[in-house]
Amino acid sequence: MSFTVAIVGRPNVGKSTLFNRLVGKKLALVDDTPGVTRDRRPGEAKLIDLKFHIIDTAGLEEAAPETLQGRMRAQTEAAIEEADLSLFVVDAKTGLTPVDTALADMLRRKGKPVVLVANKSEAKGSDGGFYDAYTLGLGEPTPISAEHGQGMLDLRDAIVAAIGEERAYPEDDEAVTDIDVRAELAEAAEDDEDFEPEYDETKPLRVAIVGRPNAGKSTLINRFLGEDRLLTGPEAGITRDSISVEWDWKGRTIKMFDTAGMRRKARVQEKLEKLSVADGLRAIRFAETVVIMFDATIPFEKQDLQIVDFVLREGRAAVLAFNKWDLIDDPQAVLADLREKTDRLLPQARGIRAVPVSGQTGRGLDKLMQAVIETDRTWNRRISTAKLNRWLDAQQTQHPPPAVSGRRLKLKYMTQVKARPPGFMVSCTRPDALPESYIRYLTNGLRNDFNLPGVPIRIHFKATDNPFASKAKKKR
């Protein structure tokens, strides 16, 4: 059984830098501005030969419960309760503050193991802050530099001493499993022109929630989880990091990413907001399905459409969620209007699934998840080569390709070369001369005839080899 570690401390002592060091990736945003981290971020850490779960937390400050800082403190205290061990980080360079002393008292009252970490110990003049840390009454401080990776061996030893050898190095259970031959079967079946693999209903699904600030993304995820896992409130732009949470929906593991609100590029001036938006864009690329949240009271702002366009250009499966539906007075009329605008404003995603929801009341959450699953199924769809070529012949009979310079273009062969999203290759004569209108005709035909609503469709046209080209070269 592994153990869980929470990194705690006042703002700007280097908690997120240490978190990134332990997980081996730059997952958490790091900036000189105090209070960058607001939510608790989980990760899988490795320290020398130790492996454990880790939670990055917001800087602890004394604040009233109803304020943003107070809600951040509540999130951090929840992480401390969840963890088996706390790494209490202090800044050896600037020394102790009354906040450090108050936090030490709180951790002592919790009665859980604590490792005192004196960060920035490589800095000139840090000796005073290091020795001051003894006065907190939490044992000997461990000097480290999270930025430069110094002191990691000492930190490992301190964690093992605090948690115990048995918890630190659990014996791995030898699990006996059957040999999985599905990959081999799929590879062999690809040679069959009628082969269409089945959708795997059991695989974990990665879903990102994106949208403008204050659209209700974090509130919606909290409603899914049934707890206040993510920081929420009336203030716009609370979320900064892309936070991932895992939960089960009808027996299927869902890994959901909450992202920072995305404003128009011209309005994003501060470095921290640029980092937050870049983190959100990475979450979109990592996810499989993206739920784009609209505020139903002010839908289809220009930024909403740009977000949808970006998601589709990245090749992700997209679902629209019209949030704050509990604030709509005439739901039927508004829903009809939204459906008309969706078809008109998003022609590149014809048939995209759109669901009215309320993160505040929980309305429509099951329908939203069902739409996510169905869209992911479409995004993973593979169509047999035999079906595609029968379809291609029918399309050309119904609407032949145009003639260019007196010579009619010929589409000879079609196959699906990839899924996620569906991508097709068409062998034809003079692909560069094929007009955009005919490409749209084929794309819309694929979408309608093979039931591929709301997902990007890529069609690549490849020139057929000239069988007489080699003979002509020999004659020369």
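Against which elements do the buried residues of α14 pack? In this predicted model, local features require pLDDT of at least 70 and side-chain atom pairs count only at pLDDT 80 or more, whereas totals for chains, interfaces and linings use all residues. Residues are numbered from 1 along each chain as its sequence is written, and side-chain values use heavy atoms, with hydrogens and water left out.

The buried residues of α14 pack against α13 (385–398), β15 (411–418), β16 (423–428) and β17 (458–463), contact being defined as heavy atoms within 4.5 Å. Helices (H or I, at least four residues) and strands (E, at least two) are DSSP runs numbered from the N terminus. Helix α14 covers residues 436–449, and its buried residues are Y438, I439, Y441, L442, T443, G445, L446 and R447; buried denotes under 20% relative accessible area, exposed over 50%, and partly exposed in between (1.4 Å probe, protein chains only). The end C-alpha atoms of α14 lie 20 Å apart, in agreement with the 20 Å that its 14 residues should span at 1.5 Å a residue; the expected span is 1.5 Å times one less than the number of residues. Just after α14, N451 adopts a positive phi of about 55°.

Strand β1 (residues 4–8) is mostly covered, with 5 of its 5 residues buried. Two strands pair if DSSP finds at least two bridges between them. Strand β1 pairs in the parallel sense with β3 (residues 50–56) over 4 bridges, where D56 is the bridge partner of I7. Strand β4 (residues 85–91) also runs parallel to β1 and is joined to β1 by 4 bridges; within β4, F88 is the bridge partner of V8.
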